[in-house]
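Here are a few exercises on reading a sheet and its neighbours. Have the sequence and the model open, and try each task before you read its solution.

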Amino acid sequence: MPDFKDLLEIFIVTDNRAESLKNTLESLLNSPIKDFRITILNNNSSDNTEDVVKGFMSEHKNIIYEKNRYNIGGNANIMKAFYKAEKDYVWI
C-alpha cells in the first residue's frame, strides 16, 4: 500500500487572515493528515500571518512558508501553488 504522504501535498493560500489561518492549521495538525507537507503561500499579508506560521513551524517540520514580495492576487497565488506542486495530488 502506498504512503499517501508521497502522493498528496497541501497548499494554503492566504492574505491578511492570520486568525483564520491559525484555526485552519490547528484543524489540519490535529487530523489524520497532520504529517503531509503543508505549504503556505502568503500573498504579502500586512497582519501577523508570518508570526502565526513561524509558531507552527517550530513544532511541525512539514510546514513550508513562502511570502510573496507583493500581492499577486488570489487567482495567481492559487496558480502558483499548482506550479510549485511536486506530488501527484494537490489540495488547495
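**Exercise 1: the sheet**

Four strands form an open sheet in the order β3-β2-β1-β4, with parallel pairing. This is a predicted model, in which local features need pLDDT of at least 70, side-chain atom pairs count only at pLDDT 80 or more, and totals for chains, interfaces and linings use all residues. Residues are numbered from 1 along each chain as its sequence is written, and side-chain values use heavy atoms, with hydrogens and water left out.

Task: find which strands stand at the edges.

Solution: β3 (63-67) and β4 (89-91) each have a single partner strand, so one side of each lacks a neighbour in the sheet. On average, neighbouring strands here are turned by 20° against each other, direction ignored. Strands are DSSP runs (E, at least two residues; helices H or I, at least four), numbered from the N terminus, and two strands pair if DSSP finds at least two bridges between them.

**Exercise 2: around β1**

Task: trace the pairings of β1 with β4 and with β2.

Solution: start with β4, which pairs with β1 (residues 8-14) in the parallel sense over three bridges. Leu8 has Tyr89 as its bridge partner, and Glu9 has Val90. Next, β1 and β2 pair, again parallel, over five bridges. Here Thr14 stands opposite Asn42. From β1 the chain passes through α1 to β2 in a right-handed β-α-β crossover, meaning that, with the strands pointing away from the viewer, the path from the first strand over the helix to the second runs clockwise.

**Exercise 3: burial**

Task: decide whether β1 is mostly covered or uncovered.

Solution: five of the seven residues of β1 are buried, so the strand is mostly covered; buried means under 20% relative accessible area, exposed over 50%, partly exposed in between (1.4 Å probe, protein chains only).

Note on methods. Axes are lines fitted to C-alpha atoms, for helices over the stretch in contact, and angles run from 0 to 180 degrees between N-to-C directions.
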